Amino acid sequence: SGWTAYTERDILLPGGATQRPDRVLIRGRDARLLDYKTGTPRESDQAQVRAYADALQRMGYQVTDAQLFYTQNQEWRKVDIA
């Protein structure tokens, strides 16, 4: 469907810090984020994915979807990036 997947690639932030989302899908300027967790859901998980989305948006991408997948209970959770 035209999406290119990038797995565990660093995003270089101003000042030299990095972030490493589990999976980023890119098609043109559109981006989707998928992050995987092994524990129970926490609010900090959502905040982490929102930070990834913010970094991608500052790079000029339009983040159209962001999701967390909890492997322990096989549950997907949408992340509100608005």
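The points below go through a predicted model of one protein chain, from its overall build down to single residues.

1. Basis of the values. Because this is a predicted model, local features need pLDDT of at least 70 and side-chain atom pairs count only at pLDDT 80 or more, while totals for chains, interfaces and linings use all residues. Residues are numbered from 1 along each chain as its sequence is written, and side-chain values use heavy atoms, with hydrogens and water left out.

2. Secondary structure. The protein chain holds one helix and seven strands, where helices (H or I, at least four residues) and strands (E, at least two) are DSSP runs numbered from the N terminus. Followed along the sequence, these elements give the pattern β-β-β-β-β-α-β-β. The radius of gyration of the protein chain is 12 Å, close to the 12 Å that the globule rule gives for 82 residues, so the chain is as compact as a globular protein of that length; the radius is taken over C-alpha atoms, and the rule is 2.2 Å times the number of residues to the power 0.38.

3. Extent and surface. The C-alpha trace of the protein chain spans about 35 × 35 × 25 Å along its principal axes.

4. Burial and contacts. Of the 82 residues in the protein chain, 37% are buried, a class that means under 20% relative accessible area, with exposed over 50% and partly exposed in between (1.4 Å probe, protein chains only). Among contacts between residues at least 6 apart in sequence, 47% join residues at least 24 apart, contact being defined as heavy atoms within 4.5 Å.

5. Charge. The protein chain carries 12 positive and 11 negative side chains, and the centres of the two sets lie 4 Å apart. In this count Lys and Arg are positive and Asp and Glu negative, with His and the chain ends not counted, and the place of a charge is taken as NZ of Lys, CZ of Arg, CG of Asp or CD of Glu.

6. Strand β6 and its partners. Strand β6 is mostly covered, seven of its nine residues being buried. Eight bridges join β6 to strand β5 (residues 30-37), and the two run parallel; within this pairing, Leu33 has Ala66 of β6 as its bridge partner. With β7, in contrast, β6 pairs in the antiparallel sense over four bridges, and here Tyr70 stands opposite Glu75 in β7. Two strands are taken to pair if DSSP finds at least two bridges between them.

7. The turn between β6 and β7. These two strands form a hairpin with four residues between them. Gln74 lies in the loop between β6 (62-70) and β7 (75-78), and has a positive phi of about 55° although it is not a glycine; at 55% relative accessibility, Gln74 counts as exposed. Thr71, found in the loop between β6 and β7, is partly exposed, with a relative accessible area of 33%. Leaving aside neighbours within four places in sequence, Thr71 is in contact with Lys37 and Thr38, and the C-alpha atoms of Thr71 and Lys37, 34 residues apart along the chain, are separated by 6.2 Å.

8. Thr7 belongs to strand β1 and counts as partly exposed at 40% relative accessibility. Not counting residues up to four places away in sequence, Thr7 touches Asp22 and Arg23, and its C-alpha lies 8.7 Å from that of Arg20, 13 residues away in sequence. Glu8 sits in the loop between β1 (4-7) and β2 (11-12), where its phi is near 50°, a positive value in a residue other than glycine; at 47% relative accessibility, Glu8 counts as partly exposed.

9. Which residues does Val49 contact, leaving aside its neighbours within four places in sequence? They are Leu33, Asp35, Ala66, Leu68 and Val79. Val49 has its place in helix α1 (residues 43-58) and, at 1% relative accessibility, counts as buried. The C-alpha atoms of Val49 and Arg77, 28 residues apart along the chain, are separated by 11 Å.
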